[in-house]
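This report goes through helix packing, chain interfaces and some backbone details of one model. The structure comes first, and the text follows it.

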Amino acid sequence: MKNVTIICLLLAGVALVAGSATAGDHGGDIHFTRPVEAVLFSHDIHVDQLGFDCDSCHDGLFEYEAGAAEQNGDFTMESLYGGGYCGACHDGETAFASDTRCATCHEGVKGYNRALGKTETAASHH
Amino acid sequence: MILKKELDMSRNEGLENLGSEERRHFLKMGLVVTGLFAGGTLLSLSSGARRVFASSGEFAEKYPYKPHYSMLIHVDRCIDCERCKKACAKTNHVPDYGYRTTILERDVSGALAGKREFVPVLCNHCNLPQCTRVCPTRATYKDPVNGIVQMNKSKCIGCLTCQMGCPYNARYFNEEQMAVDKCSFCWESRLSKGEALTACAEACPAGVRIFGDLSDPNDKVYRGIHQIEKTVWVLRPEAGTKPNIFYTRG
Amino acid sequence: MAKHASGGGVTLNGLESMVVGRLKTSGNGYYFALLVTGLIMMAGSIAGLQATIGGHHVFYGVTREVSWGILIAAYVFFVVTSTGLCLVSSIGHVFGVESFMPIAKRSVFLSIVTILAGFFVISAEIKVPIRMMLYNIISPNLTSNIWWMGTLYGVYLVFMIFEFIFLLLNRHKPALVCGFSGAVAGIAAHSNLGAVFGLLNGREFWHGPYMPIYFITSAMMTGTAVILFFHLVAAKVNNERLDDKMLRALDNTRKVGILLICVISFFTIWKIVAAIAGQPGGKYEAVMAMLAGPYAVNFWVFEVGLALLLPLVLFLKAGVKRPGMLLVASALMIVGIFIMRYDLVIVGEIVPVFHELGVREFSGLLSYRPSLHELVVTAGGFGMVGFLFLLGEKIFGGHKVSEEH
């Protein structure tokens, strides 16, 4: 059951990436949904605006395949604080520290649903 | 610390406009005024600094319940993973068309650093609840011991005046139970069974929701509010209901 | 006729044959109107019953945030009307202004009819009406305005019924006592209804002492419109010419109406100015929604145009001699006042409670649209008033006031 969910989430992630990757010759928007929903990594900002190379991250930190990092058991905030994954730069020196400005990267369930095209608001109808 | 950093980056509008009497008032309550910012960091969550402090100041004087259940929300830690919402719905059988607690999202376009903030909201278990005052049949009431605003569902006639009276949009009509439903700090499902935390507080992976007893000086919530480093505020202080959900950053 | 009823030896058979006899005197138009209003009333009952059993969330357009819809507005409208009928008619038969006497009976009867219509609509709005009957009595909350309002309106209804019975029996002393008590209960109940809205601290558009005061004044304004409308329609229903005394009573009602339109206009102006000056949070957004937002047509066309300005002009021009113009004016006014009540309820809810928080979810005004079922129940309330009015005209012989007192 759990595996099915993970596969579904991965497929959704892949579909999202495929949809938005057409914008440039980079990976587009990556929505990480594990361990929490959801974190948005924007290739647009990191590559086009900030001018990083593919090698900057895809040389040990992240696989090229979207969603691969999420399958690792250590894709957690603790790893980031220790300099892993995003934490390699987001350490408070190169870029803002991983334990600050949470909602800058965490788009949440709301942001993810928006990316999926769901228009759900808190203003329910009951 | 984070707050400090953010403050340094925002434009300080100066403290000179703040009267000395107000300053003293803040200090008396054990709160320090670090600045007035319009960029969306400090004051924008609530409608005015003076009213916020006037409200929480009164709390510093007296906590009428034992335990005085309360929640301190570290709003900047919230990442909208909504595990709280799911845990709440599961624990308290909240249907998909309603909610006892939810996360709101605000964009702070003018801010220099973070431009987004998630704001968890729930019943504020006010000391002067308007919902209980307006209920014609006393179907909703404030527990005289622990101060939780409760529902006696068999008495609810569904007039929804409590929904109108609530300044926090904390109530909804549960069609299955044929009564208004609301957050009870998980009293039935958890606290009365000896659990220390509400389902939402337990489910939160980011330490946003600190639940505890405001009448106990050793409690986390008490210590989170009775300090001078960080600003603490409440939502809709002008409604005058003396809420028990506090907000802070950092 | 009244004499006949007042006799001690009235038998049920006698009463029945009298009522049947009166109903038989009517023309086809009357029966048709009775049928139509009766059917509308039935449709409303069915819609209300269906929604109560099947769930309001399925059939009604109300939401978590806008939880009071057109049915609350209709309830407010009907009880405003009832209170107004009671208060304006009491000028004559309670406070002794002779020239208002001829409108007493029909007005008291209509005040009973309209409060019943109000109860009918609210029973379709309250989600669990069965519990209301029980727990209002065994678990009262004395700090709740809605409890006081409901209870006092119950007391009011009893007084009004007894007043009507005593008026029928030509027993003026007890009728006066009941009329006075009914007026007091009505004022207390109706100002409590104002307080249901006005005492909600978190709802800026409503909050303050304005609502209870406004409710009473606006009830009296509504009373004048409804008295004029139904007395003029009754003349057509009964195929009668209005006699001099009745004409004078209606003319005085018209004058009171002019005064009250002016008072309500004054109230409205200051309500708006107070909400614009200094742009008080919540109030300002709500009032702007009425002045220049989604409720501008409701406000300018219906509230200002139909409920206040047009009737004012027509009332001033009509005088005693032109009842047709009075009929049109009062009809327009009733329509306008209904929209007034609608706006009063809905606009108070469309500014979200978190409007100052700056969150996406509540960045603008909330919206509400009445569902078909809500509209049918509302229409059912009007159908009920029409049906009982028509029935009353025949059963009580045109509400004639006997000459001997």
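At what angle do the axes of α5(C) and helix α10 (residues 210–237) of chain C cross, and within what distance do they come? In this predicted model, the two axes cross at roughly 75° and come within 7 Å. The angle therefore makes α5(C) roughly perpendicular to α10(C). On the side of α5(C), the contact is made by C:Val76, C:Val80, C:Thr81, C:Thr83, C:Gly84, C:Leu85, C:Leu87, C:Val88 and C:Ser89. The residues from α10(C) include C:Phe215, C:Ile216, C:Ala219, C:Met220, C:Gly223 and C:Ile227. By class, this contact of α5(C) with α10(C) has 11 nonpolar, 8 polar and no charged residues.

**Other helix contacts in chain C**

Helix α5 (residues 70–93) of chain C also packs with helix α8 (residues 145–168) of chain C, at an angle of about 45° and with the axes 12 Å apart. Because of this angle, α5(C) is oblique to α8(C). The crossing of α5(C) and α8(C) is left-handed. From α5(C), the residues C:Tyr75, C:Val79, C:Ser82, C:Thr83, C:Cys86 and C:His93 take part; they meet C:Met149, C:Tyr153, C:Tyr156, C:Met160 and C:Glu163 of α8(C). Sorted by class, the residues of the contact of α5(C) with α8(C) are 7 nonpolar, 3 polar and 1 charged. C:Thr83 is listed in the contact with α8(C) and also in the contact with α10(C).

Helix α10(C) has a further partner in helix α6 (residues 104–125) of chain C, with an angle of about 110° and axes 11 Å apart. The angle is why α6(C) counts as roughly perpendicular to α10(C). The crossing of α6(C) and α10(C) is right-handed. C:Arg106, C:Ser107 and C:Leu110 of α6(C) make the contact with C:Ile227, C:Phe230, C:His231 and C:Ala234 of α10(C). This contact of α6(C) with α10(C) has 4 nonpolar, 2 polar and 1 charged residues.

**Interfaces between chains**

The size of an interface is often given as the accessible area lost when the parts come together. For chain A and chain B the buried area is about 1,800 Å², and carbon and sulfur atoms give 54% of it. That contact takes 19 residues from chain A and 27 residues from chain B. Chain B and chain C bury about 3,900 Å² between them, with 52% on carbon and sulfur atoms. Here 48 residues come from chain B and 42 residues from chain C. B:Arg133, B:Ile157 and B:Met164 supply 20% of the area that chain B buries against chain C, more than any other three residues.

**Salt bridges**

Side chains of opposite charge can pair when their charged atoms come close. Over all chains, 19 salt bridges are found in the whole structure. Across the interface of chain A and chain B there are 2, and between chain B and chain C there are 4. Three pairs are listed in the table.

| Pair | N to O distance |
|---|---|
| B:Glu82 and A:Lys110 | 3.8 Å |
| B:Glu105 and C:Arg360 | 3.6 Å |
| B:Lys66 and B:Asp213 | 3.6 Å |

The pair of B:Lys66 and B:Asp213 lies within one chain and links distant parts of it, 147 residues apart. B:Lys66 is in the loop between α3 and β1 of chain B, and B:Asp213 is in strand β8 (residues 209–213) of chain B.

**Backbone details**

Most residues other than glycine have a negative phi, and most peptide bonds are trans. Where in chain B does B:Pro67 lie? B:Pro67 is in the loop between α3 (49–61) and β1 (69–74) of chain B. The peptide bond from B:Lys66 to B:Pro67 is cis, with omega near -5°, and B:Lys66 also forms the salt bridge with B:Asp213.

In chain A, a cis peptide bond joins A:Glu37 and A:Ala38, with omega about -15°. A:Ala38 is placed in the loop between β1 (29–32) and β2 (39–42) of chain A. A:Arg101, a residue other than glycine, has a positive phi, near 50°. The loop that holds A:Arg101 runs between α4 (77–81) and α5 (102–105) of chain A.

Terms used
Residues are numbered from 1 along each chain as its sequence is written. Chains are lettered from A and ligands numbered from 1 in the order in which they are written. This is a predicted model: local features need pLDDT of at least 70, side-chain atom pairs count only at pLDDT 80 or more; totals for chains, interfaces and linings use all residues. Side-chain values use heavy atoms; hydrogens and water are left out. Axes are lines fitted to C-alpha atoms, for helices over the stretch in contact, and angles run from 0 to 180 degrees between N-to-C directions. Helices (H or I, at least four residues) and strands (E, at least two) are DSSP runs, numbered from the N terminus. Angles under 35 degrees count as roughly parallel, over 145 as roughly antiparallel, 65 to 115 as roughly perpendicular and the rest as oblique. A crossing is left-handed if the near helix is turned anticlockwise from the far one by less than a right angle, and right-handed if clockwise. Contact means heavy atoms within 4.5 Å. Ala, Val, Leu, Ile, Met, Phe, Trp, Tyr, Cys and Pro count as nonpolar, Asp, Glu, Lys and Arg as charged, and the others, Gly among them, as polar. Buried area is the accessible area (1.4 Å probe) that two parts lose on being put together, summed over both. A salt bridge is a side-chain nitrogen of Lys or Arg within 4 Å of a carboxyl oxygen of Asp or Glu.
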